[in-house]
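Dear colleague,

I am handing over the structure below, together with an account of what was found in it. Please keep it open beside this message as you read.

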Amino acid sequence: MDSIGNTMQKKAAELERMAEVLVTGEQLRLRLHEAKVIKDRRHHLRTYPNCFVAKELIDWLIEHKEASDRETAIKIMQKLLDQSIIHHVCDEHKEFKDMKLFYRFRKDDGTFPLDNEAKVFMRGQRVYEKLMNSDSNLLQTREEEGVTFERTLVASEFIDWLLQEGEMATREEAEQLGRRLLEHGIIQHVTNKHHFVDGGLLYQFRMNFRRRRRLMELLSERCRSIPESHDSPFCLRKQNQEGGNTSFLSVSPTKEIKVVSAVRRSSMSSSCGSSGYYSSSPTLSSSPPVLCNPKSVLKRQVSPEELQTPGGPYIKKTFTILGDAVGWGFVVRGSKPCHIQAVDPSGPAAAAGMKVCQFVVSVNGLNVLNLDYRTVSNLILTGPRTIVMEVMEEIDY
């Protein structure tokens, strides 16, 4: 059954980038409407409804720190133009230009190309929002295969809800929708072993449509050439809000200092490409970062049994971490148990007292000693903004 999960992950990874463009573009459109950047405009005695001026938009992006300079802003908008999110009002320009030209979001004039892939993401977003705004208790903490998972859906109950809400007409159609949502990386089976079927299996949303996307994410290409391993790190913090590097200070037990920069994925996926670090020199440089996989900070791996042995050289600590706009500020790595690989010194985790080399015992009350970093990361990313973590730390004698 693992091959099903691997196949779904691979397909979801290919489609996820398009989903991010769609969601990010829609969030920008709504913000621009709210800021009155999009409005009816006149030129040569003709009115162009719901459009924006390219030059004014670039000013707005820089002012709101969505782009560091005009060249970057142009690249961001060109990405949206290439993906048919926006277009020139007369379709006379295939390039986004820093001029007094009128552009418009295709969703505002009904010209957005609704191919099958886009339809699935838009349907998934609508279902997600409706579910989040409903009074139903569909999302609950449940157990499957002896493991407890947060914010889960029972497939059959989800189908019942889709029918009650008028989203689908028959159970067969609702099940097919669930399968499409899974194939596009919007939902997943909790252990990634099964496709979507009408029954008692548990599923979670992988994609958080409400997470605020930064436009700079559209320009970050993911490398898929580095294979995954259970020992690869998963970063739980993004680049800083100014768009520069966020350097994680990772200190090993030998006090050797490594400066690494890490980027949280733009969605709740731990597919290939999410498990690398972007390392860079602590000095300023205009050269692009290099993707690498740093060595573990641990002196040696320990077992869950060793951590729980009475009288052992470990002490338990509990942290309550409130995530900020870019994440929680730490990296988990390894398997059975996971450990803290790196901590952003300016992030929420560091403020709570988290340190490298601590072993993760529980997340929001769920024992995770026998889980790998992907599962632990998913629990955090699909859970509440405030997380309660128990860790075991070696006692210094």
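Please bear in mind that the model is a predicted one.

The cysteines may be of particular interest to you. A disulfide is a covalent bond between the sulfur atoms of two cysteines. Taking sulfur atoms within 2.5 Å as the criterion, the count of disulfides is zero. C90 takes part in no disulfide, as the nearest cysteine sulfur, that of C51, lies 9.7 Å away. The relative accessibility of C90 is 32%, so C90 is classed as partly exposed.

Some figures for the whole chain follow. The chain holds ten helices and 19 strands. It has 397 residues, of which 49% count as buried. Among contacts with a separation of 6 or more, 64% are made by residues 24 or more positions apart. The accessible surface amounts to about 18800 Å², and carbon and sulfur atoms contribute 50% of that area.

Strands of a sheet pair through backbone hydrogen bonds, either parallel or antiparallel. Here four strands, in the order β1-β2-β4-β3, make up an open sheet with antiparallel pairing. The edges are taken by β1 and by β3 (86-88); each has a single partner strand, so one side of each lacks a neighbour in the sheet. On average, and ignoring direction, neighbouring strands are turned by 55° against each other.

The individual pairings of this sheet are as follows:

- β1 (residues 39-43) and β2 (residues 46-53) are antiparallel and share four bridges. R41 stands opposite Y48 in β2. The two strands form a hairpin with two residues between them, and H44 in the turn has a positive phi of about 55°.
- β2 also pairs with β4 (residues 102-105), again in the antiparallel sense, over two bridges. The bridge partner of V53 in β4 is F102.
- β3 and β4 run antiparallel and are joined by three bridges. I86 stands opposite F105 in β4.

Against this sheet packs helix α2 (residues 54-63), which touches β1, β2 and β4. The direction of α2 makes about 25° with that of β2.

The buried residues in α7 are A174, L177, G178, L181, L182 and E183. After α7 comes G185, whose phi is positive, near 75°.

Finally, I would draw your attention to V297. Where does V297 lie? V297 belongs to the loop between β13 (290-292) and α8 (304-308). With a relative accessible area of 3%, V297 falls under the 20% limit and so counts as buried. V297 and A342 are 45 residues apart along the chain, while their C-alpha atoms are separated by 8.3 Å.

With kind regards

Notes:
Residues are numbered from 1 along each chain as its sequence is written. This is a predicted model: local features need pLDDT of at least 70, side-chain atom pairs count only at pLDDT 80 or more; totals for chains, interfaces and linings use all residues. Side-chain values use heavy atoms; hydrogens and water are left out. Buried means under 20% relative accessible area, exposed over 50%, partly exposed in between (1.4 Å probe, protein chains only). Contact means heavy atoms within 4.5 Å. Accessible areas come from the Shrake-Rupley method with a 1.4 Å probe; for residues, only the protein chains shown count as cover. Two strands pair if DSSP finds at least two bridges between them. Axes are lines fitted to C-alpha atoms, for helices over the stretch in contact, and angles run from 0 to 180 degrees between N-to-C directions.
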